[in-house]
Amino acid sequence: MNGITIALSKGRIFEETLPLLAAAGIVPSENPETSRKLIIPTNRADVRVVIVRATDAPTYVQYGAADIGVAGKDVLLEHGGDGLYQPLDLKIAKCRMMVAIPEGFDYAHAVRQGARLKVATKYINTAREHFAAKGVHVDLIKLYGSMELAPLAGLADAIVDLVSTGGTLKANKLVAVEHILDISSRLIVNQAALKLKRETLAPILEAFAQAVK
Ligand code: ATP
Ligand code: MG
């Protein structure tokens, strides 16, 4: 394919990338929320969008099935950055990665006692590094979603999850006790495409950079 393929996940990343695409003169012809199409044409014959699962965006770009894409820093840390340029923080889909516990659980005390904590998360690698750096002993339990349920159902003592307003934690009687890192989404670019399709890609990347400012 000579044109440019852009990998986006639907939901907040698609929505928040739309203004950046518009700044580059790119307008998708359909909305993935209402369309079932996974390949979405744009107003430009040489640019298309592919709709992927958020965690799959780095994989599509790494293998060159997409030339560029958008992925959260959370996803990139878990995936590793192999074969990907990450030239730009798009400052969209902002949130924080936090450790959260059920209200009433004395986390600080448990940590001081050197207790071994069960922690449920989608972010095994990032969580492992965080707790190792703090010297907290943990058994990590991999989940794929609804982390908030884990402590309530007795699966785990704590979770590592993304928090924006804190509304979901509150609704489930959980409280955030540690901030791990600030998250936003990055532009990711296939390294070979950057060389081979520079003429088409460079103006798009430049327009994104200007729009982010
Ligand atoms: P799904 O919700 O379909 O299981 P997902 O959680 O991976 O998949 P999204 O919820 O669209 O997909 O999240 C995509 C990215 O948006 C995440 O990788 C993260 O960087 C960011 N994100 C997740 N939750 C929030 C939030 N509450 N506020 C802001 N950004 C968020
Ligand atoms: Mg989600």
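Helices and strands here are DSSP runs, numbered from the N terminus. The model on screen is predicted.

**The largest pocket**

Start with the largest pocket, which has a volume of about 1000 Å³. Its lining has 37 residues; select Arg 12, Asp 74, Lys 122, Tyr 123 and Leu 162 to see those closest to the pocket's centre.

Next, colour the elements that build the lining. Select α1 (12-23), β4 (68-72), α3 (73-79), β9 (158-163) and α7 (167-171): each supplies at least two residues.

Now colour the lining by class.

Domain 1 covers 4-93 + 184-212 and domain 2 covers 95-182, and the lining of the largest pocket draws at least three residues from each.

**Ligand 1**

Select ligand 1 and show the 15 residues around it. Which of them come nearest? They are Arg 12, Arg 53, Asp 74, Lys 94 and Ser 164.

Zoom in on the side chains. In Asp 74, an N or O atom of the side chain is 2.7 Å from an oxygen atom of ligand 1. For Arg 53, the distance from a side-chain N or O atom to a ligand oxygen is 2.9 Å. Lys 122 has a polar side-chain atom 3.2 Å from an oxygen atom of ligand 1.

Finally, show the surface of ligand 1. On its own, ligand 1 has 610 Å² of accessible area, and the protein covers 73% of that.

Terms used: Residues are numbered from 1 along each chain as its sequence is written. Chains are lettered from A and ligands numbered from 1 in the order in which they are written. This is a predicted model: local features need pLDDT of at least 70, side-chain atom pairs count only at pLDDT 80 or more; totals for chains, interfaces and linings use all residues. Side-chain values use heavy atoms; hydrogens and water are left out. On a 1 Å grid over the protein atoms alone, a cavity is a set of points where a 1.4 Å probe fits but cannot get out, and a pocket is an open set with protein on both sides within 12 Å along at least five of seven lines; lining residues have an atom within 4 Å of a point. Grid points are joined across faces, edges and corners, and a volume is the space filled by probe spheres set on the points. Helices (H or I, at least four residues) and strands (E, at least two) are DSSP runs, numbered from the N terminus. Domain bounds come from an automatic or database domain assignment. A residue is near a molecule or strand if one of its heavy atoms lies within 4 Å of it. A polar contact is a pair of N or O atoms within 3.5 Å; within protein, one must be able to donate a hydrogen and the other to accept it, and residues adjacent in sequence count only if both atoms are side-chain atoms. Accessible areas come from the Shrake-Rupley method with a 1.4 Å probe; for residues, only the protein chains shown count as cover.
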